[in-house]
Amino acid sequence: MYCVAAVPGTLCLISGTVFAATKDNPNVTLNTDELSLYTIPQQKFRYVEPEIGHLEQGVTTLRKLAEPYTTWCQGAIGQVKPKVESAIQLGNETFTFLQNPPAEFYPRAGVIGFAGILGLFLARGSRVKKLIYPTGLMAVGYTMYYPQQAASIAKNTGDSLYDFALQGYVNVEKVFKSVEGKPMKKEKPEENKPEETR
């Protein structure tokens, strides 16, 4: 078994003479390198740019047309994704809180909710009352049970309302200054010409 496997390996190491026959010279001695079987012809490769087909042109046109929309979508996703993640985090925290709430949480939430329902009952008729009464009564109930949080919310709300009012005042002032800077068109009153008498 070992002899069969070793023989082909040793044959490649043995050099021999090869006789090639041609019509003119029947006994010509050639080396193995001179035989066409063992030589690789020299090939010159040249890169040819492939022609652009209809499909590639269509895909290129489609990509150019869709690029503004995909850029807009990526920007919108970049803006919305943090908000969605924070909402999911808030939902998880709320779920965890409601799984193991403080001792008096549900009675306090019930009183605050009842104050809102009472505000809806008292605010029959006007839409403004339906907005103000429930909100006001719920705020009063909330401040009774959570005074520190209510004070911080009131301070933040007051600051944001002050900033909003100040921004509105500045915008109104700009509008009036721009109107004052432009000459207003004055209508010329028609002059009463005395009628000529004949």
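## Confidence

pLDDT is the predictor's confidence in each residue, from 0 to 100. This is a predicted model, and the protein chain averages a pLDDT of 79. Of the residues, 70% score at least 70. Among the elements of the chain, helix α2 (residues 54-99) has the highest mean pLDDT, 92. Helix α1 (residues 2-11) has the lowest, 50.

The start of the chain calls for caution. Over residues 1-5, pLDDT stays under 50. For this stretch the model has 0 contacts beyond four places in sequence. Where pLDDT is low, predicted coordinates should not be read in detail.

## Architecture

The protein chain holds 5 helices and 2 strands. Along the sequence, the pattern runs α-β-β-α-α-α-α.

Burial is limited to 6% of the 198 residues. The accessible surface comes to about 19,400 Å². Carbon and sulfur atoms account for 63% of that surface. Contacts between residues at least 6 apart in sequence were also sorted by separation: 20% of them join residues at least 24 apart.

## The annotated transmembrane region

The UniProt record, an unreviewed entry, annotates residues 105-123 as "transmembrane region". In the model, this span is 95% helix and 0% strand. Its end C-alpha atoms lie 27 Å apart. Helix α3 covers residues 105-122.

A nonpolar patch lies on the surface. Its members are F114, L118, F121, L122, V128, L131, I132, Y133 and L137. Together they have about 890 Å² of accessible area. Helix α3 and helix α4 (127-145) each supply at least two residues of the patch. Helix α4 gives the most, with 5 residues.

F114 is one of the patch members and lies in helix α3. Its relative accessibility is 53%. Exposed means over 50%, so F114 counts as exposed.

G141 is found in helix α4. Its relative accessibility is 6%. Buried means under 20%, so G141 counts as buried.

I112 is 29 residues away in sequence. The C-alpha atoms of G141 and I112 are separated by 5.1 Å.

Definitions and conventions: Residues are numbered from 1 along each chain as its sequence is written. This is a predicted model: local features need pLDDT of at least 70, side-chain atom pairs count only at pLDDT 80 or more; totals for chains, interfaces and linings use all residues. Side-chain values use heavy atoms; hydrogens and water are left out. UniProt positions are given in the numbering used here, feature names are shortened, and annotations may be inferred rather than shown by experiment. Helices (H or I, at least four residues) and strands (E, at least two) are DSSP runs, numbered from the N terminus. Buried means under 20% relative accessible area, exposed over 50%, partly exposed in between (1.4 Å probe, protein chains only). Contact means heavy atoms within 4.5 Å. Accessible areas come from the Shrake-Rupley method with a 1.4 Å probe; for residues, only the protein chains shown count as cover. Patches are made of residues with over 30% relative accessible area and no salt bridge: like charges are joined within 9 Å, nonpolar side chains (Val, Leu, Ile, Met, Phe, Trp, Tyr) within 5 Å. A salt bridge is a side-chain nitrogen of Lys or Arg within 4 Å of a carboxyl oxygen of Asp or Glu.
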